[in-house]
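Take a look at the model below. This report walks through a sheet, its aromatic rings and its nonpolar cores.

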Amino acid sequence: MIYLHHTPLSRILSKNITQVSKSDRDTIREYRHKILTAFCQSHNLPTPIYDKHAFGKPFIANAPLAFNQSHCVSDYVLVYSLTILDVGVDIENIHRKPNFMALAKRYFHDKEYQLWQKSHYNTHLWFKLWTIKEAVLKAHGLGIRLNLNELNAIFIRDDGGYVCHDKLGKFYFKNLMINDCVITVAFQKPSFDIINV
């Protein structure tokens, strides 16, 4: 089971942002710690102590609780699980206006690009594909150290599927739409039980 905590970023930072400062990151970390500490207390686990893996992915060193977080200019999301060790998440606000075509040509797998073309360049699909890549790499712990166009999202249904890669193995994903945000959760165990808390 994966727990998903979502909130507007303004509830954490009490201001609108265009770029997150160091003090904003500290405030977000404190908020994350508060949520994870409450969860640990309710499950008779110790207060989390954090460490980082070789590529910088944070983890809880003293409890079997995996987590990952993401934010965009408007929203924050945190996922955590006691049963799934490798979990990742990414969030994007659909009102963001990147250069869709240039990024798709550079970072989408050929098959993803064809899928996006067949959708008549649907922006929701673009955000799904983009967040899948980020969430899978975060779940694995590699981060953006792999050419994104090597990852090919295979949809089993409209809101989920998997990505397979020689260096990463197989990761499943689930897309969610909350408010104006596309959220993708990635995980290794083939389970779609995501609880929005």
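Two strands pair if DSSP finds at least two bridges between them. Helices (H or I, at least four residues) and strands (E, at least two) are DSSP runs, numbered from the N terminus. The model is predicted: local features need pLDDT of at least 70, side-chain atom pairs count only at pLDDT 80 or more, and totals for chains, interfaces and linings use all residues. Residues are numbered from 1 along each chain as its sequence is written, and side-chain values use heavy atoms, with hydrogens and water left out.

**The sheet**

Five strands form an open sheet in the order β6-β10-β9-β8-β7, and their pairing is antiparallel. β6 (87-93) and β7 (153-157) are the edge strands, each pairing on one side only. On average, neighbouring strands of this sheet are turned by 25° against each other, direction ignored. Such axes are lines fitted to C-alpha atoms, for helices over the stretch in contact, and angles run from 0 to 180 degrees between N-to-C directions.

Helix α5 (residues 123-140) packs on the sheet and touches β6, β7, β8, β9 and β10 (181-187). Contact means heavy atoms within 4.5 Å. The direction of α5 makes about 150° with that of β6.

Strand β8 (residues 160-165) pairs with strand β9 (residues 169-178) over six antiparallel bridges. Tyr-162 has Tyr-172 as its bridge partner in β9. β7 and β8 pair over four bridges, again antiparallel, and a hairpin of two residues joins β7 to β8. Here Ile-154 has Tyr-162 as its bridge partner in β8.

**Charges over rings**

A charge sits over a ring if NZ of Lys or CZ of Arg is within 6 Å of the ring centre and within 35 degrees of the ring normal. Lys-170 lies over the face of Tyr-162, at 4.3 Å from the ring centre. The charged end of Arg-32 sits over Tyr-50, 4.7 Å from the centre of that ring.

**Aromatic pairs**

Rings of Phe, Tyr and Trp (its six-membered ring) pair if their centres lie within 6.5 Å; planes under 30 degrees apart count as stacked, over 60 as edge-to-face and the rest as tilted. The whole structure holds 16 aromatic pairs.

| Pair | Centre distance | Plane angle | Type |
|---|---|---|---|
| Phe-100 and Trp-126 | 5.0 Å | 90° | edge-to-face |
| Phe-108 and Trp-126 | 5.9 Å | 40° | tilted |

Phe-100 is in helix α3 (residues 100-107) and Trp-126 in helix α5, 26 residues apart. Phe-108 lies in the loop between α3 and α4 (110-118), so its pair with Trp-126 ties together parts 18 residues apart in sequence.

Phe-100 is buried at 15%, Phe-108 at 3% and Trp-126 at 0%. One aromatic cluster includes Phe-100, Phe-108, Trp-126 and Trp-130.

**The cores**

A nonpolar core is a set of buried Ala, Val, Leu, Ile, Met, Phe, Trp, Tyr and Cys residues joined through side-chain atoms within 4.5 Å. The largest has 27 residues, and Phe-108 and Trp-126 are among those that touch the most other members. α3, α4, α5, β9 and β10 each give two or more residues to this core. The largest share, ten residues, comes from α5. A second, separate core of 18 residues includes Leu-9, Ile-12, Phe-67 and Leu-78.

Terms used:
Buried < 20%, exposed > 50% of the residue type's maximum accessible area, 1.4 Å probe, protein only.
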